[in-house]
Amino acid sequence: MEWPACSPDLNPIENLWDELDRKVRSNLPPPRVVQHLYQMLQAEWQALPQRIFTTLVNSMRTRCVECQNSQGGYTHY
């Protein structure tokens, strides 16, 4: 399958970044210095449940099929 030029739908890392972003933003107080943000990112990354990774990996076949069916256009991912 050719990789569609404008298809971030196929890249599950975007979903992980979104989850990590939500986790970090839920921390109060928010980080005020880069070092604190770095530590918070590391802690939240390590705390992500394995099921998130498994679900994303298992979704790849469906992502590719949807992308093919939409001819490289929008998918619900």
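Predicted model: local features only at pLDDT ≥ 70, side-chain atom pairs only at ≥ 80, totals over all residues.
Figure 1. Trp-17 counts as partly exposed, at 46% relative accessibility. Its place is in helix α1, which covers residues 13-25.

**Figure 2. The ring pair of Trp-17 and Trp-45, one of two aromatic pairs in the structure.** The ring centres are 5.9 Å apart and the planes meet at 40°, so the pair is tilted; an angle under 30 degrees would count as stacked and one over 60 as edge-to-face. Trp-45 belongs to helix α2 (residues 34-47) and Trp-17 to helix α1, so this contact ties together parts that are 28 residues apart in sequence. Trp-45 is partly exposed, with 32% relative accessible area.

**Figure 3. The ring pair of Trp-45 and Phe-53.** This aromatic pair is edge-to-face, with 5.7 Å from centre to centre and 80° between the planes. Phe-53 has a relative accessibility of 23% and counts as partly exposed, because the buried class is limited to values under 20%.

**Figure 4. The cluster of Trp-17, Trp-45 and Phe-53.** Ring pairs link these three residues. Trp-45 pairs with Trp-17 in a tilted arrangement and with Phe-53 in an edge-to-face one.

Figure 5. Cys-64 is partly exposed, with a relative accessible area of 25%. Thr-75 lies eleven residues from Cys-64 in sequence, and the C-alpha atoms of the two residues are 9.7 Å apart in space.

Methods:
Residues numbered from 1 in each chain as written. Heavy atoms only, no water. Buried < 20%, exposed > 50% of the residue type's maximum accessible area, 1.4 Å probe, protein only. Phe/Tyr/Trp six-rings, centres within 6.5 Å; stacked < 30°, edge-to-face > 60°. Helix = DSSP H or I, 4+ residues; strand = E, 2+ residues; numbered from the N terminus.
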